[in-house]
Amino acid sequence: MSASVEGLLQFTLSTYAFLLLLKANGILNQTAVPGSNAMCNSTNACCPKWNGKCCCGFNYQLLMKSLRKETRDGSQKDCSEIKKSNKTRKGTEMSTARSYRDYEIKDISDIFLQYNYSYQNIPPNLAHIGTELLDAESVRYFRDYDDEVVFLGKGSFGEVYLAEMAVSKQVVAVKLFLDSDYLDIISEVIITQYLSSTGVIPKILGLLPTGLMASNLSLVQEYISGMTLEDHLNEENETTLTAVNWLNISLQLTAGLQKIHQQYVLLNDIHEGNVLIEQPYLRVVYIDMGHATFRSGYKYKNYNGSLYTYEHLAPELRKSQPGTPASDVYSLGSLLSRISNISHIEELQKLANQCLLTEPGSRPTLSDLTVSINELFIKEKQKLEQQKIKFPGQTPNTKEKNYPLLIQYNVPILGPNAISSIENDSYKDSAIVNMYEFLGDTKLQIGKFVKCNCKVMIRSYENGSFVRILEESRILLHLKDTGAVFPFHGLLPTGTLLDEFEIVQSYFGKMVSVANILHYYPLRLSDAEILVFFIHVAIHLLEIHRKEVLLNYINEYNIMIDPENTKNPVWFSDLSRATYNEAYVFLVHEIDLSDFIFLAPEVRAGSPTSPASDIYSLCYVYQQVINRLKGKTRLKILQHCLAVKPEVRPSLPEMIMYLRTLAHSLR
């Protein structure tokens, strides 16, 4: 018996004994699953058979309009049997042939090495992985208007329902296992828990007991709001996704699967229904680890040739041969092929065809595939960025402003003795340093500029290019008369390469960032002061937009404040991603876009930036300030600024007029 099986068996016996102990002490009350005939707990006459809770509806209108609103009088409903819906669940039903568990496992650890996956930090087995056993009453299920538990979908070995945690109110998805024994359940749970660090699968909250048997356990996971890839690919659904959106999804699919393989795990059953696309950011998540294996290949039993009907499986799997990383690549290729059909990206179809080759050894590696799709993404990104941006107020009949092209700006090059001294420690507590530490790829020093005998900040990019450094310098010169950016003095050569040029700008020691105010300083601002501050910020952004520049990266770290300057108290400090008369498209792997929630939803989904996306980011910072400083004024306009659809957001002149009117009323 292998170590992994011994570990699973030991976990099985200990958990089962724990369940019996809970039952003996009256802690584990009898519960039931949808459609069962188990009686309710006699101590609670209104407790439904599903979760041991009273059948009051739960008000969660923002999540799903179809959910029942909470009854106003709070009256308890009679206990009734929960009936499964007989309605057709389009896109979620799966045939019974896909859910049988007759298979064999073959160790293929050496094959992972052949695919250049490092064995370092890979455990010999998963016996050390476990999860929490939740209380039976810790989860409450949502019900629709027909008093049925809200059904989300059906996977390989179970059905998924919508619920929330009773205490934290976190929305969760509960997977009820069907026709599965305890070892199968625990195997899926352990692999899912093991992969939680990859960020490409839903996180586990724990196991929920739904009966007396050890196999009566349900998996509670984070709820991912969105549709399956199958729903997006359905021709009957009019998709609004663009080519760059589809390449974004394709890149996440490939890179995500590579992260899973790097943990020596195979999914063995990749298809459109097992991929969720979180809206509106297009985050890609793999779901249903029912066929996943660790350090081993999944070998299907081919009864009467039934496997040949599953075209998403690699030919070797359909011949009952054990799976390999190449088998998952084949299934990924079937997804890419369908994506190329709906997106009409010919180059993507060529890559998909390589994945779908019959011979496993001829298929590309995920590393090579990620590079190829990333190149396609960059090409599409460049096409979008070259499109001329239409700023608010411009019409076909509007006479274009005679702004010079950026190449017409002559960037000053400073001499080697332009900086007389470099301060090593005195600036360490500076707010501007915190901001550039947040950016992660920027080195900052404070020095004295000989020409004006004044302090300056000297910035260099660790992974920057001279083209980008030159473009930012020219944008700084273009915006010098707006008062919205720090004065630019020139470029300082510090090495033999052009990429080693550093940007020199004025430095004001009294500056603090919005982030410093929110996190470090016990500063109290009145609602009127907050409004006046953001009026200044909005006016600066309007001046920048009027000069046809997008900032593309507004956040609480790069809005700087000088409390002693009453005429011009704010600046934008980071223009590393600013563009002149062009959009900017973030690379999927450039930053973890899921963490950068100040970016507009369409930008995080891979679409190009726009004036509306700058407005979204500004209003997001404004909302953070109001929430953290406990401002009492709740601005209705923020709801429009933070709208998912860019066209719904107001223009900057409309924002400024609204803020000024409100500030006047608070005097």
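How are helix 15 and helix 17 oriented to each other: roughly parallel, roughly antiparallel, roughly perpendicular or oblique?

Tutor: This is a predicted model, in which local features need pLDDT of at least 70 and side-chain atom pairs count only at pLDDT 80 or more, while totals for chains, interfaces and linings use all residues. Residues are numbered from 1 along each chain as its sequence is written, and side-chain values use heavy atoms, with hydrogens and water left out.

Helix 15 spans residues 611-628 and helix 17 spans residues 652-665, and their axes come within 11 Å of each other and cross at roughly 25°; the axes are lines fitted to C-alpha atoms over the stretch in contact, with angles running from 0 to 180 degrees between N-to-C directions. The two helices are therefore roughly parallel to each other, a term for angles under 35 degrees, as against over 145 for roughly antiparallel, 65 to 115 for roughly perpendicular and the rest for oblique. Helix 15 passes helix 17 in a left-handed crossing, meaning that the near helix is turned anticlockwise from the far one by less than a right angle.

Where the two meet, helix 15 contributes I615, L618, C619 and Y622, and helix 17 contributes L652, M655 and L659, contact being heavy atoms within 4.5 Å. By class, this contact has seven nonpolar residues, with no polar and no charged ones; Ala, Val, Leu, Ile, Met, Phe, Trp, Tyr, Cys and Pro count as nonpolar.

For context, the chain has 17 helices and 23 strands, which are DSSP runs (helices H or I of at least four residues, strands E of at least two) numbered from the N terminus.
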